[in-house]
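Could you walk me through how some helices and strands are arranged here?

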Amino acid sequence: MPEQIFDVIVIGSGIGGLVTATQLAAKGAQVLVLERYLIPGGSAGYFERNGYRFDVGASMILGFGKQGTTNLLTRALEAVDMTLETIPDPVQIHYHLPHGLNLKVHRAYENFLQELGDRFPHERQGVRRFYDQCRQVFNCLNRIELLSLEDPRYVARVFFQHPLACLGLAKYLPVNVATVARRHIQDPELLKFIDMECYCWSVAPAERTPLINAGMVFSDRHYGGVNYPKGGVGQIAQTLVDGLIKLGGEIQYRARVTEISIQNGKAVGVKLASGKVYRAKRIVSNATRWDTFETLLSQLPLPGREQRWRQRYQKSPSFLSLHLGVNASVLPAGTECHHILLEDWDSMEVAEGTIFLSIPTLLDPDLAPPGRHILHTFTPSWITDWQGLTPSQYRVQKEVAAARILHRLEKLFPGLEAALDYQEVGTPRTHRRFLGRVDGTYGPIPAKKLMGLLGMLFNRTAIPGLYCVGDSTFPGQGLNAVAFSGVACAHRIAVDLGLPISAG
Ligand SMILES: Cc1cc2nc3c(=O)[nH]c(=O)nc-3n(C[C@H](O)[C@H](O)[C@H](O)COP(=O)(O)OP(=O)(O)OC[C@H]3O[C@@H](n4cnc5c(N)ncnc54)[C@H](O)[C@@H]3O)c2cc1C
């Protein structure tokens with residue numbers, strides 16, 4: 001029997017990889033997804049213990065809106081004729097910040113501006129001007145069909161259809177959030193708050209966060225809103241997989257790719273840890289750029305483009321994660337789903353500085369046994385702090401670190417430690433092992449101040465036939481962002497393979 005040659009092989013079934021795969025399957029391509037783990041989703045996966053279904057990572061989800069063009073998760077599911085029930089979250093984040101700065105980002109824009117303006121009455125106008133400017137970015141994005149900026153014909157078509165929106169975006173592309181914030185706001189504490197507004201999803205302060213990304217996050221939370229998938233975040237990947245299979249696509253689990261095969265300088269296939277070899281016309285890597293070029297292509301010298309990217313971007317820290325099951329009685333009535341806790345502004349970026357907390361069972365109680373809630377809490381942590389330990393040192397270090405986090409959370413929820421029913425601690429080593437991400441990193445962050453998003457790489461690589469997708473490609477981290485990367489990657493491959501592309 002002749003060897004089967006797929007149109008496209010996707011290495012990894014994170015949301016970036018699955019969106020690429022499903023978009024291509026919907027265009028008629030023969031697609032094979034190879035996933036090293038047991039289930040799809042990567043950082044948007046889940047695991048089950050003692051009746052709890054825990055999200056691995058992401059749980060504050062944008063992109064499930066019903067209108068506009070930036071609702072890329074809704075659109076990705078629609079492309080394969082699937083939908084997902086989602087539960088709207090009335091508050092994006094409840095901040096618990098230094099000097100008693102305690103406020104909520106309400107889904108209703110005006111309510112949020114009112115609450116922030118009440119806290120900083122002398123800056124009420126500046127606050128409105130800043131967030132309104134972010135909205136201008138969003139309005140430009142939300143008007144145009146989002147496809148690959150690596151396709152000049154698409155770029156030209158969109159420009160002729162929406163010249164003002166495109167000019168607006170071009171203007172904002174090289175801009176960081178801090179530049180715009182300082183134009184409108186003077187109060188140092190309020191500027192720190194804007195830093196945190198960026199840090200909590202970009203893991204970088206305003207000075208190193210592109211305005212385009214902030215425009216999306218700061219506006220879509222009030223437009224499409226934050227919506228939690230019924231059944232847990234893992235449902236997104238699972239439903240995309242169902243759509244892929246319905247269209248004749250294939251996915252294999254426990255299929256770890258160890259090498260991307262190169263012939264005459266072109267990517268032509270992959271080798272698995274099992275020794276199996278697959279070939280395809282195009283290869284997509286949903287592994288991080290570091291894993292792709294340093295591990296899967298270790299036989300080649302690092303291309304110059306990747307070397308330059310490494311000078312601009314560094315690995316963000318990983319996380320120390322606590323997956324907790326607690327007695328429901330410990331949460332007071334009116335508790336919100338997502339919280340950020342920081343006691344000292346100088347600690348925002350340091351290990352165990354900012355604490356992120358999500359309680360998804362407030363939106364979907366079925367994720368925990370009756371009378372219980374899930375608390376998923378995580379805080380930045382570097383892998384270097386977890387290396388070179390004996391198994392017992394590792395265990396003790398985990399216990400001690402978890403106790404520190406619980407102690408701080410007691411201030412939000414007195415009695416928390418006594419209310420614990422289940423606890424599992426993950427470290428950067430856990431993230432590296434289960435997500436296959438080098439050093440367990442959350443993704444790339446600018447190594448220095450950059451001009452907005454200009455330094456980020458798109459999907460094509462220096463190796464013909466090889467594409468990257470996911471959070472180490474434009475526009476970066478977050479489920480809606482990697483869905484964008486997936487749509488763009490699939491579009492560029494469709495053009496390259498001569499598949500039908502969207503007419504816009
Ligand atoms: C703790 C945490 C909290 C987060 N919270 C949020 C949030 O609230 N909202 C939000 O939008 N985003 C959040 N994020 C970010 C978001 O989850 C990620 O940006 C996004 O899921 C990354 O998707 P991806 O497709 O780039 O890659 P990944 O999710 O990393 O998926 C890559 C996949 O490739 C597989 N793979 C890797 N190498 C190989 C190989 N050699 N062979 C086969 N398979 C391989 C991996 O197993 C994995 O399944 C969070 C992330 C973390 C870690």
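Here is a short chat about this predicted model.

Me: How are helix 2 and helix 10 oriented relative to each other: roughly parallel or roughly antiparallel?
Reply: The axes of helix 2 (residues 72–79) and helix 10 (residues 234–246) cross at roughly 30° and come within 9 Å. Angles under 35 degrees count as roughly parallel. The two helices are therefore roughly parallel.

Me: Which residues of helix 10 meet helix 2?
Reply: By class, this contact has 5 nonpolar, 2 polar and no charged residues. On the side of helix 2, L73, A76 and L77 take part. Their partners in helix 10 are I236, T239, L240 and G243.

Me: Which strands stand at the edges of the open sheet?
Reply: The sheet has 7 strands in the order 7-6-15-16-17-14-18, with mixed pairing.

Me: Why do the buried residues of helix 14 lie on the same side?
Reply: In helix 14 (residues 428–435), the buried residues are P428, H431 and L435. What covers them includes strand 14 (318–327), strand 17 (372–381) and strand 18. They lie on the same side of helix 14 because the arc they cover around the axis is only 60°.

Note on methods:
Residues are numbered from 1 along each chain as its sequence is written. This is a predicted model: local features need pLDDT of at least 70, side-chain atom pairs count only at pLDDT 80 or more; totals for chains, interfaces and linings use all residues. Axes are lines fitted to C-alpha atoms, for helices over the stretch in contact, and angles run from 0 to 180 degrees between N-to-C directions. Helices (H or I, at least four residues) and strands (E, at least two) are DSSP runs, numbered from the N terminus. Angles under 35 degrees count as roughly parallel, over 145 as roughly antiparallel, 65 to 115 as roughly perpendicular and the rest as oblique. Two residues are in contact if their C-beta atoms, placed from the backbone, lie within 7 Å. Ala, Val, Leu, Ile, Met, Phe, Trp, Tyr, Cys and Pro count as nonpolar, Asp, Glu, Lys and Arg as charged, and the others, Gly among them, as polar. Two strands pair if DSSP finds at least two bridges between them. A residue is buried if 20 or more other C-beta atoms lie within 10 Å of its own, exposed if 12 or fewer, and partly exposed in between; C-beta atoms are placed from the backbone. The arc is that of the directions from the helix axis to the C-beta atoms.
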